[in-house]
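Reader: I am new to this structure and would like to walk through it with you. Could you show it to me, so that I can ask some questions?

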Amino acid sequence: MLCHSESIKISWEKEGIAKLVFDAQDAINKLDTRTIASLNEAVTCLEKTEHLKGLIITSSKESFILGADITEFIALFDAPEEQLATWLNFANQLFNRLEDLPVPTVSALRKFTLGGGCECALTTDYRLATENLCIGLPETRLGIMPGFGGSVRLPRLIGCDNALELITQGKTVTAPEALKLGLIDGIVPDTELISSALILLEQAISGSQDWRARRRQKTSPLQLSPAELQMSFIPAKGLVRQKAGKHYPAPMAAVNAIEAGAGMPRDGALTCETAHFIPLTKTVSARALVSLFLNEQYVKGITRSLITLHDAPKQAAVIGAGIMGGGIAYQSACNGIPAILKDIQPAALQTGIDEATKLLEKQCQQGKLTLPQAAMIRAAIRPVLQYDGMDECDIVVEAVIENISVKQQVLADVEQQVSTGCILTSNTSSIPVNKLAQVLKRPENFCGMHFFNPVPKMPLVEVIRGEKTSDSTIATVVHYAHKMGKTPVVVGDCPGFFINRVLFPYLNAFSRLVSDGADIQVVDRVMEQEFGWPMGPALLLDVVGLDTASHAQQVMAEGYPDRMAVSSPDVISLLADLKRLGQKNRIGFYHHTADAKGRLQKQPDEQLETLLTPLGRTPRTFSADDIIDRLMIPMVNEVVRCYEEGIINSPAEADLALVYGLGFPPFRGGVFRYLDDTGTRAFCEKADRFSALGPLYAVPDSLLAHAVGNTSYYP
Ligand code: NAD
């Protein structure tokens, strides 16, 4: 053994050839501050080693290095700029020393080689990998950019255009793709990874491979003329502007860094990288995207702990073959859990099956499924009009119309048909599960399972725990949702549960703003372009359906009459009564017409203002800030109330659910992250300005308590 530190071992692999192995004490290798310290010791040891002729860098784990330790990021972002610059400079000097060792070097890579792991591999002269490689620089997806030389070495190795694409999109590539790009030099079987690296090194040592030329390529300026550079950077900037937009500054910072350093040798280009990296760490989006990543890990941890407790269901049934039921059966069958699909109307059943067939055909066209696979999935959905086969089911999802007595009747009937261990769930979007459970003999086997539309696309499932729901029911339903490829978040029972409960204060606020004279298109534009929602409230209502929204609005008003009672007239019920239902009948706040590809496009409707006469509104101009505050304060307040009442268990779960279920802008991280960024005190002062608008704007006590010391929700 040449050197042995906390997470790195170096030994002689063969005479003169050393092998540096990343071997963290945890199950995976990360490039955290401890590993960087170990690498510093390791490189010092190599620099002093006599008779060294070559070096292999590899890992003792399934993967090479998964990347930096993201749990360390927030503290790093909080550090003063000079401290950050010192840290980046130290890490870059270390990587340079590794790159500058006076002997040829090869990385032997497996599976995940991401972020800092990829940057480490880029320092060596050659890279060999196994077939399962997944390599890339995903930093821009976390609101930052490569900071350990990735934006310098990658373009010099694989060309500017390819590197710009990989870095700005945070894209990872497979082994064959990496080979084609020149990011790796060969793909070898796992058992031959080290022996192949040895052969390559011996060729380099003997001079049959020009390793010095390889190294020069990475340490010299980019070999492109000014015209060629322009041809790379102008389109790259255009694309980034269009795709990432102003709320995600990291991809553009990466392009600018690569451009600024293009004409410089390695060390100058690294200075440019650091100069562009540091300001990103101070952006709202970096903090929010990192927070979102950590929230995902937190929720995954909860899911993992629950799914070990109970097996996933093996046979499911879905009652009601409408938009939701058809989607749920399809999603279940696609993920290996066959589903009986029951309806009372043959035509509805046929619609559900046709929908599943259409989705499967699309998967085949996209090459994601073969025809036989699609046929097997289709066969795993069994359409029925009676309760055939219910006794074989481990789980039933009720997805009939949103009517309490119909749902209670269906659930009571199904309970008679299934075995005593079978779990029953309801996909209700607003009816408290405790009310549905009243008709059941085994309420402990029942909970809510709220999917979002369209089911195959939307990642969130709210799992709603009723008063009598047992822990094992929750664990089984979480397992089922997880098996279906969804992210389950367990929430408490109340009208609207978590997501719809916090959505309606926002929609009520929109309704009030319209009555007060706001221009509907301006509101949508502000909420989309300035706040960052995927669609503004008017378009959202058109997508959901004004009739559905109006019905849910009534349910919420009954549930929370103190603050969600709807003033009359109100724009949502007004349009619903006029049968302007939104996209479903092509007219709501907007006209909707299909384009050449069949996608609905909205156009403003000139008749609308006249139709709004009953609201007695006088058109008025509101500033973008006022529009945002008037819509967002009620939502934020309701999210905090849900947390106070234990409807949602943690800020992490709330924020992830908001992004996954409502499309809350990821660059804002969720409501609690938004509150922390605004400052709890500043938020309360803002809400106070709008207090005359009524109880939706009244800040809950727990948030007021945070405001006293301006404390945040996240550590
Ligand atoms: P839908 O009207 O498209 O489908 C309901 C289906 O239930 C119809 O096919 C109908 O024939 C069938 N049905 C009615 N009574 C039945 C019975 N006794 N037995 C069997 N089938 C019966 O409705 P949907 O949009 O799919 O909504 C279903 C449920 O999902 C509702 O509770 C709704 O609130 C909830 N949900 C809807 C959405 C959405 O965006 N559409 C989102 C989340 C949750």
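Predicted model: local features only at pLDDT ≥ 70, side-chain atom pairs only at ≥ 80, totals over all residues.

Reader: What share of the ligand's area does the protein bury?

Author: Backbone atoms also reach the ligand: a backbone N or O atom of Met324 lies 2.8 Å from a ligand oxygen, and a polar backbone atom of Val400 is 3.2 Å from an oxygen atom of the ligand. Taken alone, the ligand exposes 830 Å². Of that area, the protein buries 79%.

Reader: Is Lys61 buried or exposed?

Author: Good one to look up in the model! Lys61 pairs with Asp23 in a salt bridge, 3.7 Å from N to O. Lys61 lies in the loop between β4 (54–59) and α2, and Asp23 in the loop between β3 (17–22) and α1 (33–48), so the pair ties together parts 38 residues apart in sequence. Asp23 counts as buried at 18% relative accessibility. The relative accessible area of Lys61 is 16%, and because the cut-off for that class is under 20%, Lys61 is buried.

Reader: How many residues apart in sequence are the parts that Glu530 and Lys246 tie together?

Author: These two form a salt bridge, with their closest N and O atoms 3.2 Å apart. Glu530 lies in helix α21 (residues 520–531) and Lys246 in the loop between α10 (226–243) and α11 (250–261), so the parts they tie together are separated in sequence by 284 residues.

Reader: Which helix holds Glu638, the salt-bridge partner of Arg501?

Author: The closest N and O atoms of Arg501 and Glu638 are 2.8 Å apart, and both residues are buried. The pair links distant parts of the chain, 137 residues apart, with Arg501 in helix α20 (residues 499–515). Glu638 is in helix α27 (residues 624–644).

Technical notes
Residues numbered from 1 in each chain as written. Heavy atoms only, no water. Polar contact = N/O pair within 3.5 Å; in protein donor to acceptor, adjacent residues only side chain to side chain. Areas by Shrake-Rupley, 256 points an atom, 1.4 Å probe, with all protein chains shown as cover. Salt bridge = Lys/Arg side-chain N within 4 Å of Asp/Glu carboxyl O. Helix = DSSP H or I, 4+ residues; strand = E, 2+ residues; numbered from the N terminus. Buried < 20%, exposed > 50% of the residue type's maximum accessible area, 1.4 Å probe, protein only.
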